[in-house]
Amino acid sequence: MTRLAHERYCDEIAHQVRQLRAVVTSGTDLSRTVPTTPDWSVEQLVRHLGGALRWVALMVRTGAEKEVPEEDVPGFEGPEARGDAAALDAWLVESGDLVVSALRAAGPDAPVWSWAGTDDAGFWARRMTHEVTVHRADATLAAGLPYEVAPEVAADAVDEWLEIVMWAQRTLPGDAVHGLRGPLRTIHLHATDTPPDLNAEYLIRLDEDGVSWRHGHEKATVALRGPLTWVLLAFYRRIPLDDPRIEVLGERALLETWLERATFG
């Protein structure tokens, strides 16, 4: 599995925003609590995401050399009216258009500040693809609607999370990921519905040196298996490990510890 092309990320952001808009306009109660992000209602989640899209759009468009404060982002907070699905939808349309246009115009190599030390627009195209993909799952599941995601996007989302865990291990001495150090243990992620060329299988190794990972099919201390979409959502803690669409084989406590300490998203 290799990283997707920049244009593919741009296309996917646009697609995911359209899918999220379908939730907003579906008649679901916008004040409903989102079970996977219980501090937010559906509307608050959408406002968070739309604001993030506008924040990234401004940084990419201006080639920001440092983080831009949220209060400097036009329209960051969203429409003044609360509970107005039409106004929220229109604002989300504009938010998506702003970031996709900025990313397309910049191209992947344009210099832009990022929090991960990969200071280019390509980082943000990938990051926002998966930000929208996973938060759309939050909104969609809260609304009781069906959710699916393209296999190559789901696999890349797992890749990205593992790469971010490695970044945190290298650069953040106080991060919870360091609590995973110890005797050798392994976690296998196994997508049961993807072709071999997608390479959507993972072996995560935990030992005294910390976390490392590679693609591959190997026997492990614990395995998480099922259709790729649901493996992704379990790995992002969007569905519980006892969800009937996935299966946990081996030492479940190890997987639970991973999900507690290798946190992101």
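Me: On what basis were local features and side-chain values taken?
Reply: The model is predicted, so local features need pLDDT of at least 70 and side-chain atom pairs count only at pLDDT 80 or more, while totals for chains, interfaces and linings use all residues. Side-chain values use heavy atoms, without hydrogens or water, and residues are numbered from 1 along each chain as its sequence is written.

Me: Why are α5 and α6 called roughly parallel?
Reply: Helix α5 (residues 151–171) and helix α6 (residues 228–235) pack at about 25°, with their axes 9 Å apart. Roughly parallel means under 35 degrees, roughly antiparallel over 145, roughly perpendicular 65 to 115, and oblique the rest. The angle therefore makes α5 roughly parallel to α6. The axes are lines fitted to C-alpha atoms over the stretch in contact, and angles between N-to-C directions run from 0 to 180 degrees. Helices are DSSP runs of H or I with at least four residues, strands runs of E with at least two, numbered from the N terminus.

Me: What makes up the contact of α5 with α6?
Reply: Pro151, Ala154, Ala155, Ala157, Val158, Trp161 and Leu162 of α5 meet Leu228, Leu232 and Phe235 of α6, where contact means heavy atoms within 4.5 Å. These residues divide into 10 nonpolar, no polar and no charged. Nonpolar covers Ala, Val, Leu, Ile, Met, Phe, Trp, Tyr, Cys and Pro; charged covers Asp, Glu, Lys and Arg; polar covers the others, Gly among them.

Me: Why are α1 and α3 called roughly antiparallel?
Reply: The axes of helix α1 (residues 6–24) and helix α3 (residues 85–106) come within 10 Å and cross at roughly 180°. The two helices are therefore roughly antiparallel to each other. Their contact residues divide into 13 nonpolar, 2 polar and 5 charged.

Me: Why is α1 roughly parallel to α4?
Reply: α1 and helix α4 (residues 121–143) pack at about 20°, with axes 9 Å apart, and that angle makes α1 roughly parallel to α4. The residues of this contact divide into 11 nonpolar, 8 polar and 3 charged.

Me: What makes the pair of Trp115 and Phe123 edge-to-face?
Reply: A search of the whole structure finds 10 aromatic pairs. In this one the ring centres are 5.4 Å apart and the planes stand at 85°, so the pair is edge-to-face. Rings of Phe, Tyr and Trp (its six-membered ring) pair with centres within 6.5 Å; planes under 30 degrees apart are stacked, over 60 edge-to-face, and the rest tilted. Phe123 and Trp124 are also edge-to-face, because their centres lie 4.9 Å apart and their planes at 85°. Trp55, Trp113, Trp115, Phe123, Trp124 and Trp167 form one aromatic cluster.

Me: What makes the phi of Asn199 and of Arg237 worth a remark?
Reply: Most residues other than glycine have a negative phi. Asn199 has a positive phi of about 60°, in the loop between β1 (185–191) and β2 (201–207). Arg237 has a positive phi near 60°, in the loop between α6 and β5 (247–250). Asn199 is partly exposed at 28%, and Arg237 is partly exposed at 36%.

How values were computed:
Buried means under 20% relative accessible area, exposed over 50%, partly exposed in between (1.4 Å probe, protein chains only).
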